Amino acid sequence: MNEAKTASETNGEWNHAGELELEDRSIKCVDCGEDFIWTIGEQTFFHDKGLQNEPKRCKPCKQAKNERLAAIAAAQESGTRQRIEVSVKCAQCGGQTTVPFYPSQGRPVYCRSCFLAMRASQDSV
Ligand SMILES: [Zn+2]
Ligand SMILES: [Zn+2]
């Protein structure tokens, strides 16, 4: 009757709206390392929008990141009046401390006494 070529891997054409053979995909979150499900609905939306970068974070992490960015943007917009306190671990003594800024990833953060001690030793050189 009709000799359909094995169309399974025919270079993913996305224009047959009703015939997408999508399935939920499992992706590892870059932030928390947990697997999360990228649903068919989200994939369809993704391709409708012509987006290139697949999601890297699960919903809670994505939301946390957005909130963090929003908080930073809000703080920057409103000048420096807003007091930010972020709980971090001191890279020098390992003690818990708070800093008035959002530390960027991979950058060491020091508690006040370690920071002052380091600065003092630098100054005296
Ligand atoms: Zn996550
Ligand atoms: Zn310290």
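Guide: Two residues are in contact if their C-beta atoms, placed from the backbone, lie within 7 Å. This is a predicted model, in which local features need pLDDT of at least 70 and side-chain atom pairs count only at pLDDT 80 or more, while totals for chains, interfaces and linings use all residues. Residues are numbered from 1 along each chain as its sequence is written, and chains are lettered from A and ligands numbered from 1 in the order in which they are written.

Visitor: Among contacts between residues at least 6 apart in sequence, what percentage join residues at least 24 apart?

Guide: The count considers contacts in the protein between residues at least 6 apart in sequence. Of these, the share that joins residues at least 24 apart is 23%.

Visitor: Is K28 buried or exposed?

Guide: K28 lies in strand β1, residues 25-28. A residue is buried if 20 or more other C-beta atoms lie within 10 Å of its own, exposed if 12 or fewer, and partly exposed in between, with C-beta atoms placed from the backbone. Because K28 has 12 other C-beta atoms within 10 Å, K28 is exposed.

Visitor: Which residues is P55 in contact with, leaving aside its neighbours within four places in sequence?

Guide: P55 belongs to the loop between α1 (40-48) and α2 (59-77). The C-alpha atoms of P55 and W38 are 8.0 Å apart. Leaving aside neighbours within four places in sequence, the contacts of P55 are I27 and W38.

How values were computed
Helices (H or I, at least four residues) and strands (E, at least two) are DSSP runs, numbered from the N terminus.
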